[in-house]
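I opened my notebook to record what I looked up in this structure, one item at a time. Here is what I wrote down.

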Amino acid sequence: VTVKLYELAGAEDARLFSPYCWRIRLALEHKGLSFTSLPWRFTEKDRIAATGQGKVPVLEHDGRTLWDSWTIAVHLEETWPERPSLFGDAGGRAFGRFVADWADTVLHPALIRLLLTDIHAVIAAKDRAYFRQSREERFGMSLEQVTAGREARIEPFRQLLAPLRAGLARQPFLCGESPAFADYAVAGTFHWARAVSPLVLLADDDPVAAWRERLLARLSPASRSLTRFY
Ligand SMILES: N[C@@H](CCC(=O)N[C@@H](CS)C(=O)NCC(=O)O)C(=O)O
């Protein structure tokens with residue numbers, strides 16, 4: 001099997017920090033599929049020009065080029081149905097999508113306001129001007145203004161995790177006794193944060209922190225070495 005995955009990287013190839021790319025790395029490991037990682041920077045749009053859009057993850061497989069993490073996850077599931085399932089049944093697939101949507105629409109907007117200046121500090125030098133300009137335009141203020149006073153916003157961020165905490169007090173993974181796509185949808189969010197920022201997002205005694213540790217323990221050694229820069 002030849003699978004190639006374009007993954008967003010910082011200055012170092014090993015600093016993989018896109019939550020969406022992490023979802024797919026975790027999904028590939030779940031299915032036991034080996035792949036070639038192609039580290040990619042924000043300003044390397046030409047390398048993924050064939051997709052007609054400028055974002056990663058992008059996956060190449062069997063002469064096809066796919067993008068958008070959900071589309072890729074469904075492709076993996078449908079191409080290798082005999083391998084461990086990412087979703088289980090149709091209800092599990094809908095649950096996985098819901099959790100991914102929740103991470104995208106609730107967790108990521110809150111987190112980006114904590115991490116923006118840290119991201120700018122760790123990306124490749126050639127990406128910095130593009131990143132500052134595009135993000136300052138998006139937020140309507142400087143990067144520094146976005147993250148100013150962020151310490152006071154860690155506790156409200158933790159409160160957003162209440163739905164995770166409630167479930168993880170009952171069972172080891174969001175998907176039950178073992179992890180699947182819904183777990184990876186949110187794990188990607190935390191791997192993103194750890195790759196770029198020294199902020200302590202989770203209290204030690206938070207069940208969410210214990211869940212994150214359980215997921216880290218299941219990663220391949222190669223992926224585990226990429227999950228912590230701080
Ligand atoms: N809906 C897409 C979102 C992908 C996305 O936003 N990727 C970001 C990195 S986290 C990106 O490539 N951004 C490029 C840019 O901002 O120029 C997915 O689920 O894959």
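**Notes on the ligand and the strands**

I started with the ligand and its contacts. I found an oxygen atom of the ligand 2.8 Å from an N or O atom in the side chain of Arg135. The protein covers 82% of the 520 Å² of accessible area that the ligand has on its own. I kept in mind that I'm looking at a predicted model.

For Ser69, a polar side-chain atom lies 2.5 Å from an oxygen atom of the ligand. For Asp68, a polar side-chain atom is 2.9 Å from a nitrogen atom of the ligand.

Then I asked myself: which residues around the ligand come nearest? There are 14 residues around the ligand, and the nearest are Lys45, Val56, Ser69, Tyr130 and Arg135. Sorting the shell by class, I got seven nonpolar, three polar and four charged residues.

On to the next pairing. β3 also pairs with β4 (residues 64–67), again in the antiparallel sense and over four bridges. Here my example pair was Glu60, whose bridge partner in β4 is Thr65.

I then looked at how β3 and β4 are connected. Their hairpin has two residues between the strands. Asp62 lies in this loop between β3 and β4. What is its phi? For Asp62, phi is positive, at about 55 degrees, although this residue is not a glycine. I flagged that, because most residues other than glycine have a negative phi.

My last stop was the loop between β2 (36–40) and β3, where Pro57 is found. I checked the peptide bond joining Val56 and Pro57: it is cis, with omega about 15 degrees. That went into the notebook as well, because most peptide bonds are trans. I noticed that Val56 was already on my page, as one of the residues that come nearest to the ligand.

Conventions
Residues numbered from 1 in each chain as written. Predicted model: local features only at pLDDT ≥ 70, side-chain atom pairs only at ≥ 80, totals over all residues. Heavy atoms only, no water. Near = heavy atom within 4 Å. Polar contact = N/O pair within 3.5 Å; in protein donor to acceptor, adjacent residues only side chain to side chain. Areas by Shrake-Rupley, 256 points an atom, 1.4 Å probe, with all protein chains shown as cover. Nonpolar A, V, L, I, M, F, W, Y, C, P; charged D, E, K, R; others polar. Pairing = 2+ DSSP bridges.
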